[in-house]
Each structure stands twice: as structure tokens, then as C-alpha cells.
Amino acid sequence: MSAKAPVIAVLGAGSWGTALALQLDRSGSRTILWGRDPEHVAQISATRCNNRYLPGIDIPESIELQTDIIAAVKSADHVLLVTPSSAFAATLKKIREALVPGQGVAWACKGFEPGSGRLLHQVAMELLQADTPLAIVTGPSFAKEVAMNLPTAVTVAGSDCSFTQIMADALHGGRFRAYTSDDMIGAELGGAVKNVMAVATGICDGMSLGDNARAALITRGMAEMMRLGVVMKAKPETLMGLAGAGDLILTCTGSLSRNRQLGLLLGKGKTLDQALQEIGQVVEGVNSAAEVQRLATKYAINMPITEQVNGIIHKGWNPVEGVARLMAREQKAEYGD
């Protein structure tokens with residue numbers, strides 16, 4: 001297999017994992033899709049469609065389906081994790097003994113390690129061998145639209161320029177553009193913080209507060225992202241690019257955003273449990289709200305939108321009162337906070 005067409009094991013047969021497997025296959029890579037639920041994988045194999053997460057999208061026979069995670073890893077040149085961020089560390093622990101020197105590990109998860117606030121590349125660096133090439137795939141990208149082969153652009157940010165290029169080349173093609181970056185901190189931070197801001201925007205829309213309020217929340221949410229990025233040594237251009245502003249705009253305005261859907265339901269008076277049950281899939285903003293607030297406290301960063309979202313999700317604060325608290329903040333200069 002040539003360097004331009006590696007064998008990629010995609011670990012996670014949800015909507016995003018399936019969509020990325022489809023794109024890798026379109027771009028010429030031999031692709032293995034692993035799922036943790038044997039019944040789900042059997043259903044995909046029988047129908048060549050992921051009816052649970054991407055109904056109506058055909059999965060070609062060229063994509064190999066696998067229920068043995070070790071076999072999938074051993075059959076691949078590189079690995080792409082597409083699990084919830086809460087399962088990231090556990091998945092790495094399962095596969096690390098099967099990895100061989102030079103085999104890269106990339107991921108398309110957007111969030112933090114629960115309970116620590118660590119970015120996922122920090123978790124990977126702790127759990128894997130020091131010479132393991134690492135990369136993250138992130139940016140404004142709804143799974144359904146990628147699966148439908150609609151135009152999409154993402155960022156692949158990595159610690160090893162060769163592996164970063166391999167992953168970008170493997171994904172790039174047709175209507176899918178993959179840009180490269182060496183700023184893993186900025187790429188991961190943008191992809192995680194935007195989840196919180198999308199919940200906030202959804203709450204605003206669920207309360208029918210208007211377009212002005214939505215625009216203000218997105219803009220001030222971007223300011224919070226940049227503020228945190230400064231102290232965490234993220235590159236400003238990364239946060240102003242696809243991984244930051246691009247993903248923020250999409251997630252705050254797109255109807256396919258689970259984080260925005262959560263906010264909409266909370267803004268309409270649903271409890272957190274009711275909202276999550278209605279959505280029926282993992283909503284990364286729930287964990288991200290707590291972890292971004294943890295980082296804001298750690299670095300003594302003023303992040304009032306994050307504070308209110310975290311309070312609404314994890315402390316039972318009333319959304320109406322949360323909006324009132326934001327609007328009651330003192331007048332100040334827009335910049336220089």
C-alpha cells in the first residue's frame with residue numbers, strides 16, 4: 001500500500017466515524033470501520049447502511065467492517081479514533097499494545113478528558129509511546145453532510161508533520177478539503193469550547209430572544225475562546241480559522257448540531273435529562289461546559305457565558321436567570337479584558 005493510500009482503521013461506528021470512513025474510502029484509502037456493538041455492526045454489514053446513525057446513506061462493500069478492535073488496529077497502517085471524548089482514554093488503553101512503531105494515532109473527538117480538563121493530545125502523550133505520531137481532525141463538519149459528500153473543509157493538526165500530511169492526504173479529495181496545522185492546542189481548544197457556546201446559543205434561540213442575541217453570543221463566545229487560547233498558548237490564527245471560528249459558527253447556527261439542540265430544549269424549559277433523552281446521542285457540550293469552567297478557574301480567566309452554561313447544565317440554574325445575569329454585567333470596553 002503506497003504512502004498516499006494507507007490502510008486506516010476508523011474506531012467508532014457512530015455517525016461521525018461512519019462519515020469519515022466514507023470519505024477515506026472515496027479518497028482511495030482502504031478503510032476498516034470498527035464498532036463496539038456486534039449487533040449494530042452486523043446490521044450495517046447486512047444492509048450496507050448505518051440505519052441507527054446515518055439512515056439512507058449507502059456504505060460501499062470496499063469498507064471492511066470489524067468487531068475486533070485489536071484485529072482492526074493490527075490490519076491498519078494508522079488509526080483514527082472517532083469515539084466520545086469520555087471514551088478516548090479507555091480506547092487508547094485497549095489498543096496501545098497492538099500499535100507498532102511508526103503507526104500513527106489520529107482522532108476526530110472534540111472535548112476534554114472528563115474530570116481533569118486535559119486536552120486529548122495530552123492524554124494520548126501520557127498513554128502512548130513517546131514516538132507515536134499524533135494528529136487531530138477537526139473543523140466545521142456535520143457527519144450527515146460529509147456522508148452525503150457535500151462540500152466540507154477541516155483542519156488536521158499534528159505533532160509529526162509527516163503523519164499530519166498522511167492523514168490530510170488520506171481525507172483530502174473530491175468535495176472534502178483537509179488543511180494542515182502544527183497547533184494541536186488551538187485545534188483541540190477550538191473544537192471543545194465551541195460546544196459550550198453552541199449550548200448557549202441554543203438556549204438563546206429556545207427562548208426566542210432573537211437574531212441580535214444570537215450574534216452577540218457567538219461573538220462574545222469567540223472572545224472567551226480567544227481569551228482562554230492566549231493563556232494556553234494556542235495560536236490566534238488557529239482559533240480564527242476552521243478549528244475555531246469556523247466550527248463555532250457552524251455549531252451555533254446549524255440545525256444538525258447536538259449541542260445547539262440541547263440548548264434549544266433547555267431554553268424551552270426541558271430538564272437536562274429530558275433533553276438528552278430526546279436527542280438520544282452523546283452531547284459533548286455537557287462535559288465540555290464543566291471542563292472549560294475548570295480551565296477558566298485554573299487560569300483566572302473571565303468567561304461569563306461558560307459560567308452560565310455550566311451553571312444551567314450542572315447546577316440546575318434557570319436559563320432565564322442566566323440570561324438576565326449576562327445582561328446585567330457592568331458596561332466596559334469591548335477589548336482589553
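Predicted model: local features only at pLDDT ≥ 70, side-chain atom pairs only at ≥ 80, totals over all residues.

Biologist: Fine. How much space lies in the largest pocket?

Modeller: The largest pocket holds about 1200 Å³ of space. Its lining is made of 45 residues, and the closest to the centre are S15, W16, R258, Q281 and V282.

Biologist: Which helices each supply at least two residues of that lining?

Modeller: Those helices are helix 1 (15–26), helix 4 (88–95), helix 6 (143–147), helix 8 (184–206), helix 11 (242–253) and helix 12 (258–267). By residue type, the lining of the largest pocket divides into 18 nonpolar, 17 polar and 10 charged residues.

Biologist: And the second largest pocket, what volume does that have?

Modeller: The second largest pocket has a volume of about 510 Å³. It is lined by 20 residues, with A216, R220, L326, M327 and R329 lying nearest its centre. Two or more lining residues come from each of helix 9 (211–231), helix 15 (304–314) and helix 16 (319–327).

Biologist: Which helix gives the most to that lining?

Modeller: Helix 9 does, with six residues. The lining of this second largest pocket divides into 11 nonpolar, two polar and seven charged residues.

Biologist: Switching to the sheet, what is the strand order?

Modeller: It is an open sheet of eight strands in the order 3-2-1-4-5-6-7-8, with mixed pairing. Strand 3 (64–66) and strand 8 (176–181) are the edge strands, each pairing on one side only, and the twist from one strand to the next averages 25 degrees.

Biologist: How many bridges join strand 2 to strand 3?

Modeller: Three bridges join strand 2 (residues 30–34) to strand 3, and the two run parallel. Within this pair, W34 stands opposite Q66 of strand 3. Helix 8 packs on the sheet, where it touches strand 5 (105–107), strand 6 and strand 7 (152–158), and its direction makes about 35 degrees with that of strand 6.

Biologist: What is L128 in contact with, leaving aside neighbours within four places in sequence?

Modeller: With those neighbours left aside, L128 is in contact with L92, R96, L99, V105 and L134.

How values were computed. Residues numbered from 1 in each chain as written. Heavy atoms only, no water. 1 Å grid on protein atoms, 1.4 Å probe; cavity = no way out; pocket = protein on both sides within 12 Å on 5 of 7 lines; lining within 4 Å. Points joined across faces, edges and corners; volume = space filled by probe spheres on them. Helix = DSSP H or I, 4+ residues; strand = E, 2+ residues; numbered from the N terminus. Nonpolar A, V, L, I, M, F, W, Y, C, P; charged D, E, K, R; others polar. Contact = heavy atoms within 4.5 Å. Pairing = 2+ DSSP bridges. Axes fitted to C-alpha atoms, helices over the stretch in contact; angles between N-to-C directions.
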